[in-house]
Amino acid sequence: MAAGPLQHVGCLLLAATTWACGGGPVPDEPAWGVRGRHLTLDGKPVFLSGVNYVPSRGWLTHLDAWDADAVDRDFEALQRVGVKAIRYLPLWHQLQPTPQRADPTALARLDKVIELAERHGLFVQLGILNSWMSGGTFLPSWANGNLFKDPAIVAGELSLVRDIAQRYAGRRILQGYDIGNELNVLEGRMNLDLDSSAVEEWQAQIVDSIRRHAPRSLIVNGVGTGYTESFNINSIAQSTDYMAAHSYPYFHGTSRLDPWLGQRTTYSTNYIISWAEMTGKPVLMQELGASQQWVHPGNVPKYLRLTFLSNWLEGAAGYLWWCSHDIDPSFAVPDEGLYKEYSTARVQQENKFSELNYDMGILDYDNLPKPAAEAFEHATGIVEELGVDWTNRLPVCYVLAPEGFDYESTMIQLITPFVLAKQVHMDVKLLIEGAAVPHDAAALVIAGFRLSPDGRGQVERYLSAGGTVYQSYFADFGDSLTVADEEIALDHPRLVVTRRAGAMELEQQLVVGARLRVRAVSASGNTETILSMPKQGQVRLERKEPDTSPFGARDGQGVLFRTRHGSGVYYYLAADLEQALGDTFDPWKDDDSDLIYSVLRPQHPVDVSSKHLELHHKSRNGEELVALLNHSPGFVEAMLHLGRRVRAVDAFTGQVQGGDAETAVRLEPAGVKLLLLRTR
């Protein structure tokens with residue numbers, strides 16, 4: 001990467017690592033740790049940047065079809081494109097053919113993989129019990145049972161864990177251990193009887209064994225592609241050091257809501273980071289990828305760079321792309337260790353993976369870099385220069401999640417309000433109802449559900465203390481609001497601003513880009529109507545007395561209301577806005593719903609005029625960083641408001657970006673702009 005304006009701070013992150021600014025090797029010692037939201041190396045925060053290693057020859061069965069020279073070539077090629085770490089997942093059945101004994105030949109080859117990684121400056125996150133891979137289930141013959149509850153199987157697992165931990169204890173090259181790859185998938189595949197308490201007990205045994213034999217090693221449990229009732233975030237966080245997130249829009253469903261370079265698809269990685277962050281532990285984006293079966297090849301590097309930098313700015317502890325290498329199309333999945341009855345249909349029928357698995361590398365299977373490799377190297381270089389210890393300055397909005405830990409359904413329910421809050425340029429986080437509202441909350445969103453008693457109590461305390469709350473469809477607060485069961489459904493309704501609020505101007509018309517259900521409301525007392533639907537041209541509900549109509553104002557039906565509750569402000573939207581947008585594919589071009597959410601954003605000096613741009617405003621040691629990321633498939637032109645005259649230096653090019661309080665910006669699809677602010 002060419003030297004940029006931040007070359008003087010380039011070693012702030014790098015000096016904490018063996019890939020830093022020169023210097024010789026450091027003696028082996030446990031050097032990895034956790035502090036706050038970050039992973040640390042030698043006590044300094046780092047962003048773990050790398051890939052999931054899929055060997056170019058022999059796939060992950062390569063410990064049988066062994067070729068050390070091929071591994072060496074793979075690592076050399078990865079080093080050339082800026083990879084700093086690999087997550088490596090040797091297959092369990094190859095390492096441990098019997099419950100009492102690890103295979104010495106396989107272990108010697110594993111030693112060689114780690115030796116070669118060290119030679120090329122690659123830290124290794126080592127998976128141990130790896131049995132679900134790319135649609136195939138691979139198990140030792142003795143482990144075909146309940147992997148989490150059968151005492152004999154668990155004893156065998158603990159034997160391998162002990163052998164691996166003892167073998168590599170104290171090795172600096174080992175970033176840490178992943179218990180196993182997406183073990184939660186096997187609960188359903190193998191129809192296992194399991195609950196969260198069983199998972200907690202099993203995981204605690206595995207973690208305890210690693211800690212006894214490798215006391216200062218970091219441990220994570222890489223579940224995917226989301227979290228289940230048994231493998232929920234609290235259960236996983238109980239005994240691990242940090243959290244791992246796997247995010248694929250195709251699998252968790254957001255690619256059915258927006259284009260691949262769209263709002264809910266690209267923000268879905270931020271969402272899952274925020275979900276896992278509710279544990280209070282650092283979150284590694286451990287798997288994220290895009291197959292050419294899903295997205296045009298030209299958009300893969302754009303998707304990589306956008307999500308890499310967005311996750312870094314979001315506060316993730318690192319980013320590991322899936323994966324390092326494409327798979328040779330001639331590769332056939334071997335039968336040894338493969339349990340077809342627990343595998344996907346194509347593996348069962350043809351010993352082939354689904355087509356989507358073959359082209360997800362940043363290198364092809366001849367070790368030639370693909371365009372995604374250039375995007376990865378560029379993003380890695382930027383993060384190395386800018387570091388990770390920035391403090392967020394944007395106001396924080398918490399989106400409340402219904403009590404319980406059903407991640408999959410709540411993601412589809414809550415990704416839309418999460419995006420709407422992002423569109424008004426707040427720092428957006430998630431919060432399970434019933435938890436105390438954090439002190440940094442500038443606003444709280446309750447999108448389309450009624451609160452539990454515990455949830456209502458916590459929000460009531462927040463409101464009484466002066467907080468700002470928005471709720472849609474169901475109304476839990478506001479003594480002067482009476483919400484009837486009556487509703488009407490309207491396609492793309494126009495709403496009129498009857499009182500200026502947020503970014504809305506008086507008599508401005510807003511369009512909702514979806515079929516909206518609007519409820520009947522009576523308002524009295526100190527309640528103000530901010531948005532109304534005009535009478536003309538609208539379907540009306542029958543009513544008896546105009547002055548006592550459930551619609552409120554004479555000149556139209558009230559839709560958005562503002563009222564006091566204790567010392568706080570309660571906004572009520574009498575419509576199912578978030579569900580309506582969630583039921584509509586890519587509504588954003590002709591939708592003004594972000595303006596409704598703008599009432600939640602307090603005054604902040606830095607802002608940008610486009611809802612399609614993610615905004616970050618951060619500071620560190622007297623410097624300020626402003627980041628803009630285009631979460632759309634089109635070019636975006638906007639005005640960046642800096643609040644004062646400053647010298648804004650482009651971190652990519654070193655060029656000065658204007659000097660006024662406002663400056664014009666233009667970003668390509670999935671484009672990123674990073675500016676360092678310096679007072680003139």
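1. Aromatic pairs. The count comes to 31 aromatic pairs in this predicted model. Rings of Phe, Tyr and Trp (its six-membered ring) pair if their centres lie within 6.5 Å; planes under 30 degrees apart are stacked, over 60 edge-to-face, the rest tilted. Phe 47 and Phe 308 are tilted, because their planes stand at 55° with the ring centres 5.6 Å apart. This pair links distant parts of the chain, 261 residues apart. Phe 47 sits in the loop between strand 3 (44–46) and strand 4 (48–52), Phe 308 in helix 11 (residues 300–314).

2. Basis. Residues are numbered from 1 along each chain as its sequence is written, and side-chain values use heavy atoms, without hydrogens and water. The model is predicted: local features need pLDDT of at least 70 and side-chain atom pairs 80 or more, while totals for chains, interfaces and linings use all residues. Helices (H or I, at least four residues) and strands (E, at least two) are DSSP runs, numbered from the N terminus.

3. Helix crossing. The axes of helix 10 (residues 263–277) and helix 14 (residues 407–423) come within 9 Å and cross at roughly 110°. The two helices are therefore roughly perpendicular (65 to 115 degrees). Contact (heavy atoms within 4.5 Å) involves, among others, Tyr 267, Tyr 271 and Trp 275 of helix 10 and Met 411, Leu 414 and Phe 418 of helix 14. The contact residues divide into ten nonpolar, seven polar and two charged. Ala, Val, Leu, Ile, Met, Phe, Trp, Tyr, Cys and Pro count as nonpolar, Asp, Glu, Lys and Arg as charged, and the others, Gly among them, as polar.

4. Largest pocket. A pocket is an open set of points on a 1 Å grid over the protein atoms alone, with protein on both sides within 12 Å along at least five of seven lines; lining residues have an atom within 4 Å of a point. The largest has a volume of about 580 Å³. Of its 23 lining residues, Trp 132, Gly 135, Glu 182, Thr 225 and Phe 251 lie nearest the centre. Helix 6 (residues 184–189) gives the most, three residues. The lining has eight nonpolar, eleven polar and four charged residues.

5. Second largest pocket. Its volume is about 480 Å³. Among its 19 lining residues, Gly 502, Ala 503, Ser 598, Arg 601 and Asp 607 lie nearest the centre. Helix 17 (593–597) and strand 26 (607–608) each give two or more residues.

6. Cavities. There are two cavities of 30 Å³ or more (sets of points where a 1.4 Å probe fits but cannot get out).

How values were computed:
Points joined across faces, edges and corners; volume = space filled by probe spheres on them. Axes fitted to C-alpha atoms, helices over the stretch in contact; angles between N-to-C directions. Parallel < 35°, antiparallel > 145°, perpendicular 65-115°, else oblique.
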